[in-house]
Amino acid sequence: MLNLRAFPESTSSVNLLQTHVSFLLVTDRFVYKIKKPVNLGFLDFTTLDRRRFYCHEEVRLNRRLCPDIYLGVVEIRKTRAGIAIDGEGTIIDYAVKMKRLPEERMLHVLLRENNATDSDMRRIAVTIADFHKNAEQSPETASYGSLDSIAYNWQENFRQMENFVGITISRCQLQQLVSWVSDFMDQNRHLFLERIGNGFIRECDGDIHSENICLTDTVCIFDCIEFNKRFRCCDTAADLAFLLMDLDYNGKSFLGDVLLNEYLVQTGDRGMPALLDFYKTYRAVVRGKVESFKLQEPEIPAGEKKEAELKASLYLHLARGYQLRSQLRPTLFITCGLMGSGKSTFAQALALELGLESALSDVVRKEIALSGKDGSEYGEGIYSQSWTDATYRELLVRSERALGAGRSIIVDATFRRSADRTAFRLLADRLDVQFLVIFFICPEQLVKSRLLQREEDPSAPSDGRWELFHRQKDEFQPLQAQEGKTITIDSSHSLLDNIDHLLGQLGLIQCA
């Protein structure tokens with residue numbers, strides 16, 4: 001199928017992409033989606049008839065939100081000249097044919113490049129709200145909102161995640177999740193019954209997230225769940241929660257707030273917010289599970305599996321974070337440690353799980369300077385003491401603004417000077433919030449490896465280099481007991497184990 005002659009229209013190239021259930025052949029103007037012959041329990045594409053049926057279902061259902069993109073179902077045939085789409089010969093499979101959407105207008109690309117706007121969120125909200133208001137309702141559809149149906153979906157997730165305990169989720173995490181879900185459903189039975197009674201269980205999309213949204217002249221939301229009706233028929237809150245969770249995962253919760261507010265204006269659904277964390281947790285677990293499945297697929301390269309393992313773990317930590325956030329009182333976290341010691345990676349992961357606001361010194365420094373990397377040496381240019389003082393003053397301002405609004409924040413900086421650490425501790429004391437120093441240690445050989453690798457990444461915000469490391473080390477002022485509560489993190493250990501260690505020290509989790 002990678003032969004250019006296999007396609008009915010001319011194309012200069014064919015690229016193969018894949019998910020855990022599909023192959024996608026991308027040509028110049030079209031995309032052909034072929035279902036893998038797999039049975040994952042919740043979907044079964046193992047026979048040719050099933051794949052043909054679900055191809056037609058995919059076209060029918062996706063035309064509700066993206067009518068001009070889904071062109072139809074095509075036959076894949078074995079011809080005398082080889083495998084080809086349509087033509088003469090034996091049918092060996094089917095594919096969904098779609099118009100190719102502009103990659104640069106995909107929402108996940110806009111988010112990555114910080115080009116998604118409040119206006120974009122409102123457009124998406126209006127589109128989803130209109131879709132939900134007109135989505136099919138029936139007694140059968142309503143049954144998918146019952147507590148029994150919801151519990152079944154959760155139990156299926158729990159069973160499937162057992163294969164990944166110790167890989168992408170810890171036994172402690174899974175046990176906490178099982179307990180929380182059970183308690184929430186028991187204590188909020190009336191909410192679920194109200195959703196059924198008020199008509200909010202509908203035949204929805206089931207897979208609304210940033211990789212399935214394209215913003216052109218219209219909002220195109222594609223690739224809905226066609227293979228299992230119980231995943232598609234759900235509470236409208238569960239449908240919207242997927243995109244809200246995805247925005248959280250991408251560090252764009254503020255855009256999620258805009259989206260949700262506009263959606264609520266459009267629908268008047270006052271009962272939705274009470275269930276959003278429950279359904280965002282569910283969606284994060286599903287994404288973690290789907291990424292985990294990739295680890296079992298032999299055709300996926302080792303590098304992609306490593307990336308999938310980290311993504312799965314982060315999704316599952318985010319799922320836990322929705323439960324922990326209410327337990328965390330307003331806190332000012334500061335990182336402390338030398339360049340390359342793992343501060344930023346840890347800070348980003350912790351901010352994701354606990355929903356913290358974050359402020360990165362490397363980014364703030366360059367925002368103040370209104371310039372990109374200028375090659376300044378350590379202690380010179382934007383790294384002079386005056387620029388460093390200005391950076392910490394701005395970090396202090398941002399911390400006070402977040403804490404004053406009741407939001408916890410993590411400040412990612414070296415904090416090599418005691419005076420800077422003291423200034424932030426005094427701010428926490430004045431605002432009567434919790435203060436925590438996260439101190440990072442790491443073997444120097446690992447630091448060297450990280451810094452040399454960072455030099456090859458033009459997108460890295462930090463300019464830290466190995467030849468500057470020992471100078472910074474010599475200038476580092478040791479932490480003193482009076483500087484506040486400190487938790488030491490050895491970043492040569494697993495990132496996610498280190499997060500568990502910190503959360504345990506804060507009393508947010510308890511694992512045997």
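1. Contact means heavy atoms within 4.5 Å. By that rule, residues 24 or more positions apart make up 70% of the chain's contacts with a separation of 6 or more.

2. This is a predicted model: local features need pLDDT of at least 70, side-chain atom pairs count only at pLDDT 80 or more, and totals for chains, interfaces and linings use all residues. Residues are numbered from 1 along each chain as its sequence is written, and side-chain values use heavy atoms, with hydrogens and water left out.

3. The chain has 19 helices and 15 strands. These are DSSP runs, numbered from the N terminus: helices are H or I with at least four residues, strands are E with at least two. The radius of gyration, taken over C-alpha atoms, is 25 Å. Along the principal axes, the C-alpha atoms fill a box of roughly 75 × 55 × 45 Å.

4. Of the 512 residues, 53% count as buried. Buried means under 20% relative accessible area, with a 1.4 Å probe and protein chains only. The chain exposes about 23,200 Å², and carbon and sulfur atoms supply 49% of that area. Areas come from the Shrake-Rupley method with a 1.4 Å probe.

5. Look next at His132. This residue sits in helix α3 (residues 118-134). His132 is buried, with a relative accessible area of 2%. Beyond its neighbours within four places in sequence, His132 touches Arg202, Cys204, Thr236, Asp239, Leu240 and Tyr263. Arg202 is 70 residues from His132 in sequence, yet their C-alpha atoms are 7.4 Å apart.

6. How do α17 and α18 pack? Helix α17 (residues 444-455) and helix α18 (residues 466-475) meet at an angle of about 130°, with axes 9 Å apart. Axes are lines fitted to C-alpha atoms over the stretch in contact, and angles run from 0 to 180 degrees between N-to-C directions. The two helices are therefore oblique to each other. Angles under 35 degrees count as roughly parallel, over 145 as roughly antiparallel, 65 to 115 as roughly perpendicular, and the rest as oblique.

7. On the α17 side, the contact includes Val447, Leu451 and Glu455; on the α18 side, Trp466, Phe469 and His470 are among the residues.

Key:
The radius of gyration is taken over C-alpha atoms; the globule rule is 2.2 Å times the number of residues to the power 0.38. Buried means under 20% relative accessible area, exposed over 50%, partly exposed in between (1.4 Å probe, protein chains only).
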